[in-house]
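Have the model open as you read.

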Amino acid sequence: MIVQKEIDNLKAIGVDIETNMVIGKILTIDELFEMGYEAVFIGSGAGLPRFMNIPGESLKGVYSANEYLTRINLMKAYKKGSKTPISRSKKVAVVGGGNVAMDAARSAMRMGADEVYIVYRRGMEELPARREEVEHAVEEGIVFKTLTNPVEITGNENGEVCGMKCVEMELGEPDASGRRRPIVKENSGFTIEADTVIMALGTSPNPLIRSTTPGLSADKRGCIVTEGDFGKTSREGVYAGGDAVTGAATVILAMGAGKAAAKAIDEYIRNKTTE
Amino acid sequence: MYRIVKKKILNPTVSLMEIEAPLIAKKAEPGQFIIFRAKEDSERVPLTIADFDREKGTVTIIYQIVGGSTMELDTLGEGDCLHDFVGPLGRPSETDGLKKVAVIGGGVGCAIAYPIAKKLSSLGCEVHSVVGFRNKDLVILEDEFRSVSNELRIMTDDGSYGTKGLVTNALEELIKEGNSYDEVIAIGPLIMMKFVCLLTKKYDIKTVVSMNPIMIDGTGMCGGCRLTVGGETKFACVDGPDFDGHLVDFDEAMHRGTMYRDFEAHAREESCNLLKKEN
């Protein structure tokens, strides 16, 4: 709702929204400049979902959180009669502890699942999701299986998910990220029954723009490098913000980045025309 | 909006549409695909580009009517518009340095095999095409293939046209006749591509296949189109759709392709009923 209001505001002040334009494919950033645009802001968002590379991730009923949420929200699979299908799940295991994991878990619950688990390898204290998201998930009846790590997804004779083999974890010494490193407890294997597994392990930035824009610096994770607080990239007149810069984060941060860059772009163009 | 400038029925279940999409036509290369939505509430459907005309600004798609979404597409005619048409997505087929290639097309897969044969031919490559269909009535693009191939073999399952047999029979014959190919490009049903790859592995010929898994966004966001290639997870939309056929896990791909079979059957039935009511 809030996002829709922001979009409506943009339209009201005269912003044209061109859909079906995958920049990096149909046009490159350089072609946009050739067409007369004086500055470009890249907000291309989250990219390729990560998987665990454990056996069974190709079984029917394993989704990335991106796919699950795209089907439900963007393609409206929550509506009866929607043309985009989604599994009608009974028992759902969501792997990961971030905001997207909470979103996927709560969506699964609202889609009518009987039981939804968050499976996370560290403890409740270490969940990277915002506190409110976790509280809301608990309120909606999501069961947290923390200090738990999946090792294999198991399937039935039709190749559909029927469970997830996990191990219990305990927390050791802090690692490079400052969080206590999870270590596998010996002989702690057990199986969670589930007909759907949703992997919410984060994403790596979309390569389409980066790979087609010479001179645009990215770090080794593939995030576009910006300088200062206004989204200035290594290319003149090119600004960036949101998940394409920070890696998967929140829509709140992304909208903030867009607003900061908009100011900087305004200034850049004004200075350019007075030169 | 994306206007349909031409519609042509190729056989009882396969039709061609030329769509006005000048920016896509300018960039499209063989092997790439588009995603269309017929109407605002339609499913997103990926289709590999069958042809393009940079001057006219059109992109050609060829589709087989198999389910609810293709039935809905087929209700549109010349002058009507598609709600969405996005592309060109995926990586173009690699054609550099190829001197002699066997292009294998199966059924509606020929629609995708043809632009690659055409490009190879224009680059001066010797092209041997083998195309297979269930029967005579389903044969498409025969003249087109003939015009870009140094050798064309048409196979039908029942022998009602060309030679009776499978595309693998014709390919093995060509190999045994002493043809040595830099590469085999196979596009068609998964089961056909799997058996072409088993054959070419025996003769140690590099083989490229075009994968068409269930897909949603098509731009590397959802991971729905993942495949196992050489033991690694790959995304058909950004890493493909072309892959080294000897590394693709076809059995897994076939399995994943059936994920929504029941839903699809139901959607098809509903579309049929809806169309009956309208008529």
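Buried area is the accessible area (1.4 Å probe) that two parts lose on being put together, summed over both. Three residues stand out on the chain A side: A:N20, A:K25 and A:K83 supply 22% of the area that chain A buries against chain B, more than any other three residues.

Before going on, some housekeeping. This is a predicted model, where local features need pLDDT of at least 70 and side-chain atom pairs count only at pLDDT 80 or more, while totals for chains, interfaces and linings use all residues. Residues are numbered from 1 along each chain as its sequence is written, chains are lettered from A and ligands numbered from 1 in the order in which they are written, and side-chain values use heavy atoms, leaving out hydrogens and water.

**The interface**

If you count contacts (heavy atoms within 4.5 Å), 38 residues of chain A touch 41 residues of chain B. There are also 18 residue pairs in polar contact across the interface, both residues at pLDDT 80 or more. A polar contact here is a pair of N or O atoms within 3.5 Å; within protein, one must be able to donate a hydrogen and the other to accept it, and residues adjacent in sequence count only if both atoms are side-chain atoms.

Which elements of chain A give two or more residues to the side that touches chain B? They are β2 (48-49), β3 (62-64) and α3 (65-74) of chain A. Helices (H or I, at least four residues) and strands (E, at least two) are DSSP runs, numbered from the N terminus. The largest share, four residues, comes from α3(A). By class, this side of chain A has 15 nonpolar, 16 polar and seven charged residues. Nonpolar covers Ala, Val, Leu, Ile, Met, Phe, Trp, Tyr, Cys and Pro, charged covers Asp, Glu, Lys and Arg, and the others, Gly among them, count as polar.

**Salt bridges**

A salt bridge is a side-chain nitrogen of Lys or Arg within 4 Å of a carboxyl oxygen of Asp or Glu.

| Pair | Closest N and O atoms |
|---|---|
| A:K83 and B:E72 | 2.9 Å |
| A:R235 and A:D30 | 2.7 Å |
| A:E67 and A:R71 | 2.9 Å |
| B:K206 and B:E183 | 3.6 Å |

A:R235 lies in the loop between α6 and β13 of chain A and A:D30 in helix α2 (residues 29-34), so this pair ties together parts 205 residues apart in sequence. Buried means under 20% relative accessible area, exposed over 50%, and partly exposed in between (1.4 Å probe, protein chains only). A:R235 is buried at 19%, whereas A:D30 is partly exposed at 26%.

A:E67 and A:R71 sit four residues apart in helix α3 of chain A, about one turn of the helix, and both are buried.

Over in chain B, B:E183 counts as buried because its relative accessibility is 5%, while B:K206 is partly exposed at 44%.

Finally, have a look at A:R106, A:R110, A:R130, A:E132, A:E133 and A:E140, which are linked in a network of salt bridges.
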